[in-house]
Amino acid sequence: MKKKLLATALCIAMVLTCLAGCGGEDKGDKGADGMKKIVYANGGQPESMEYVEGSRYAKYSVLKYNIYTGLTRISKDGTSEMGWADKYETSDDGLVWTFHIRDGAKFSDGTDMTAHDWEETMKYYCAPETAAQQTTLEEYVKNMGDYIAGKCDWEEVGYKALDDRTLEITLESPCTYFLDIACTYVALPMHIVNENPNWNKTAETYVGNGPFRMTSLKDQVNVVLEKNPYYYDTDNVAIDQVEFVFLDEPSVELASFQNGDIDVSDNLNAEAVSKYKDSDEFVNESRIGVNYLTTHTGHITDNRVRQALSLALDRETLLSILGQVSYPATGLVPYGIHWGDEQYRDKAGDLVSFDLERAKKLLEEAGYPNGEGLPTYKYVCQNNEEAMNRAQAMQSMWQAAGFKIEIVSYEPSTYWDVFETEDWDIADDGWTGDYDDPSTNLFLWEERREVNPDGSLKDARWHDEKALKYNALMQKTYKETDYETRMKTFLDAEKILIEETPIIPVTFYTDTMLVNPRVKGVVKNYIGHVFFQYADIAE
């Protein structure tokens, strides 16, 4: 144990020394060369820098939304506005969206970017060998799901470049929030992707199309971005350079921020929140996401046991223990998603609560009075400070109901690989949606997401009769044109999800940051992404 503590201390000291060596006087200020620079703590190195693979990992999201821009983009006020498309039209029935790519559009290496690049990128996303399920538009675009399933040719898919400047997207059903969705779909440099499978491994070959472009990538150290001169809005980007430093531990981030080595800290622990929550440096923004636990329904087969796991969690106390500025999750659809002019969560009501006695009663009904006869459940999580504190607090709550829980933690770089092995009973999980609609969270448990690449069903997932009913309700929402009927269908689906408990909602996300007061205009939108293209350094 002493050796482990010593090694950890030495590691932290080395990171801080490295940061200090970067030249603290340039942080959040003009350097000696007159450049405006910002240093951002990225919360660890992304497992992949490829847009498709990286979409699976939270550590890449901030980077990708500063390196790439979609047909639309996030504006200064956090809403969608035109991006690489400068205008669009929709058909009277709301099914056909025609986007016009800006004249002179280029990738960050100066090569031309056309509507054909957008089409070829989407085709690449849909290819089985790419395995980019989260990056397709199969639930929206006509025949895209059938193409992915091998049931039709690409020519039948409603995603077509009509010419170099015109992209036509035909939907299965009208979608009022499609401009929000378009923010997250980009064009990759397919002329490079097709020729060099390792294009995303070095700064020299990495190409994007956003406000910044990569100039340096040092393994386990940092990524450095510079203003992209080929970006259509480059004249309005004030920051010359953004450095993303890889810091896994919130305690290291806090020390680095206090020392002036970083300008933006985005991974706050309880100490940081307590110290800065009343200061000018503290930023707290809403986010449409939820931290939840996935239960292995192939291992924990009795729904009463899964419900007892949820009922045993005192989420208010958990937040107090963790020192988080957040809210207990009372469902799967978080605050920030609307139902008309109201919050969906307020109108739908609370579907999740703490009831220890009810949890004990359910275990007794399932044949496990006081937990007797229950196996020890394996709970997996990442081994960072926040995840471990949360796991230990929940372990204590579960023990009070009669559960026996073994916590097994993994390095962040390997955790999701372990998750895919399904060698666990309960797994830490979470999601942040992309747009203001309940489907942005509820689609995660549709049948199409329960299938392995070889077509087999994932053992851990939810496959019974109620799951099929849930899937049918979700499919109905994509075609329903009456707004109130559609929202009530979402609520019916959410109720099934909570009652069957393949997942356990824990807390709704809010986003907190520490920002150097000299840095102005950093945008963090409701899906948790940080944008530096609107930032500036105060004189």
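Which residue in E8 is the bridge partner of Phe99? It's Leu167. Bear in mind that this is a predicted model, where local features need pLDDT of at least 70, side-chain atom pairs count only at pLDDT 80 or more, and totals for chains, interfaces and linings use all residues. Residues are numbered from 1 along each chain as its sequence is written, and side-chain values use heavy atoms, with hydrogens and water left out. Helices (H or I, at least four residues) and strands (E, at least two) are DSSP runs numbered from the N terminus.

**The four-stranded sheet**
- Four strands make an open, antiparallel sheet in the order E5-E6-E8-E7; strands count as paired if DSSP finds at least two bridges between them.
- E5 (85-90) and E7 (159-163) sit at the edges with a single partner strand each, so one side of each has no neighbour in the sheet.
- On average, neighbouring strands are turned by 25° against each other, direction ignored (axes are lines fitted to C-alpha atoms, for helices over the stretch in contact, and angles run from 0 to 180 degrees between N-to-C directions).
- E6 (residues 96-101) pairs with E8 (residues 166-170) over five bridges, in the antiparallel sense.
- Helix H4 (residues 115-126) packs on this sheet and touches E6, E7 and E8, its direction making about 160° with that of E7; contact means heavy atoms within 4.5 Å.

**Helix H11**
- Arg315, Leu318, Leu319 and Leu322 are buried in H11 (residues 315-322); buried means under 20% relative accessible area, exposed over 50%, and partly exposed in between (1.4 Å probe, protein chains only).
- Those buried residues fall within an arc of 95° seen down the axis, so they line one face of the helix; the arc is that of the directions from the helix axis to the C-beta atoms.
- Glu316 and Ser320 are exposed on the face turned away from the buried side.
- Packing partners of the buried residues include H14 (385-401) and E20 (503-515).
- Just after H11, Gly323 has a positive phi of about 65°.
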